[in-house]
Amino acid sequence: MRMSAEDLTKSLKVLGMSQGDLARDIGVRPETVYRWCKGNHPIPGSVAKVIETYLQMQAEKIAGEFNGTERGSAEESGANDTETDCNP
């Protein structure tokens with residue numbers, strides 16, 4: 001996966017992460033992440049995969065929160081009941 005400097009910057013914003021947060025997570029110096037974000041150095045594929053994984057985890061978290069608050073659990077909604085309101 002090829003990631004641009006703009007993609008990395010936008011991804012960090014979506015994730016609520018700073019350049020320093022990413023640097024700490026992947027074990028590089030903050031200056032390295034800064035250079036990637038400025039487009040001074042190519043972003044390694046392994047870093048792009050980490051960001052992709054973080055974004056997927058964030059999406060799953062949001063989906064879980066949405067499903068939990070909007071629809072409730074099966075037990076709360078009565079989905080496990082044998083009778084339904086649809087029966088005459």
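Biologist: How do α2 and α3 sit, what angle do their axes cross at?
Modeller: In this predicted model, the α2 and α3 axes cross at roughly 120° and come within 8 Å.

Biologist: And what do you call that arrangement of α2 and α3?
Modeller: Oblique. Angles from 65 to 115 degrees would count as roughly perpendicular and those over 145 as roughly antiparallel, so α2 and α3 are oblique to each other.

Biologist: Is the crossing of α2 and α3 left-handed or right-handed?
Modeller: Right-handed, as α2 passes α3.

Biologist: Which residues meet there, between α2 and α3?
Modeller: From α2 you have Gln19, Leu22, Ala23 and Ile26. On the α3 side they meet Pro30, Val33, Tyr34, Trp36 and Cys37.

Biologist: How do the residues of that contact divide into nonpolar, polar and charged?
Modeller: In the contact of α2 with α3, eight are nonpolar, one is polar and none is charged.

Biologist: What about the loop joining those two, where is Val28?
Modeller: Val28 is in the loop between α2 and α3. Its relative accessibility is 29%, so Val28 counts as partly exposed.

Biologist: What is Val28 in contact with, leaving aside neighbours within four places in sequence?
Modeller: Ala23, Val33 and Trp36. Those three residues also take part in the contact between α2 and α3.

Biologist: Let's switch to α1. At what angle do α1 and α3 pack?
Modeller: About 120°, and their axes are 6 Å apart. That angle makes α1 oblique to α3.

Biologist: Which residues make that α1 and α3 contact?
Modeller: α1 brings Ala5, Leu8, Thr9 and Leu12, while α3 brings Trp36, Cys37 and Lys38. By class, the contact of α1 with α3 has five nonpolar residues, one polar and one charged.

Biologist: Now the core. How many residues has the largest nonpolar core?
Modeller: It has 14 residues, and Leu8, Leu12 and Leu22 are those with the most contacts inside it. The elements giving two or more residues to this core are α1 (5-15), α2 (19-26), α3 (30-38) and α4 (45-71). In soluble globular proteins, nonpolar side chains tend to be buried together.

Biologist: Back to α1 for a moment. Is Ser11 buried or exposed?
Modeller: Ser11, which lies in helix α1, has a relative accessible area of 10%, so Ser11 is buried. Not counting residues up to four places away in sequence, Ser11 touches Met3, Ile51 and Leu55.

Biologist: And Asp7, where is that found?
Modeller: Asp7 is in helix α1 too, and it is partly exposed, with a relative accessible area of 38%. Asp7 and Ala48 are 41 residues apart in sequence, yet their C-alpha atoms are 9.4 Å apart in space.

Biologist: What share of the residues counts as buried?
Modeller: Of the protein's 88 residues, 18% count as buried.

Biologist: Last one: among contacts between residues at least 6 apart in sequence, what percentage join residues at least 24 apart?
Modeller: For the protein, that comes to 57%.

Conventions:
Residues are numbered from 1 along each chain as its sequence is written. This is a predicted model: local features need pLDDT of at least 70, side-chain atom pairs count only at pLDDT 80 or more; totals for chains, interfaces and linings use all residues. Side-chain values use heavy atoms; hydrogens and water are left out. A nonpolar core is a set of buried Ala, Val, Leu, Ile, Met, Phe, Trp, Tyr and Cys residues joined through side-chain atoms within 4.5 Å. Buried means under 20% relative accessible area, exposed over 50%, partly exposed in between (1.4 Å probe, protein chains only). Helices (H or I, at least four residues) and strands (E, at least two) are DSSP runs, numbered from the N terminus. Axes are lines fitted to C-alpha atoms, for helices over the stretch in contact, and angles run from 0 to 180 degrees between N-to-C directions. Angles under 35 degrees count as roughly parallel, over 145 as roughly antiparallel, 65 to 115 as roughly perpendicular and the rest as oblique. A crossing is left-handed if the near helix is turned anticlockwise from the far one by less than a right angle, and right-handed if clockwise. Contact means heavy atoms within 4.5 Å. Ala, Val, Leu, Ile, Met, Phe, Trp, Tyr, Cys and Pro count as nonpolar, Asp, Glu, Lys and Arg as charged, and the others, Gly among them, as polar.
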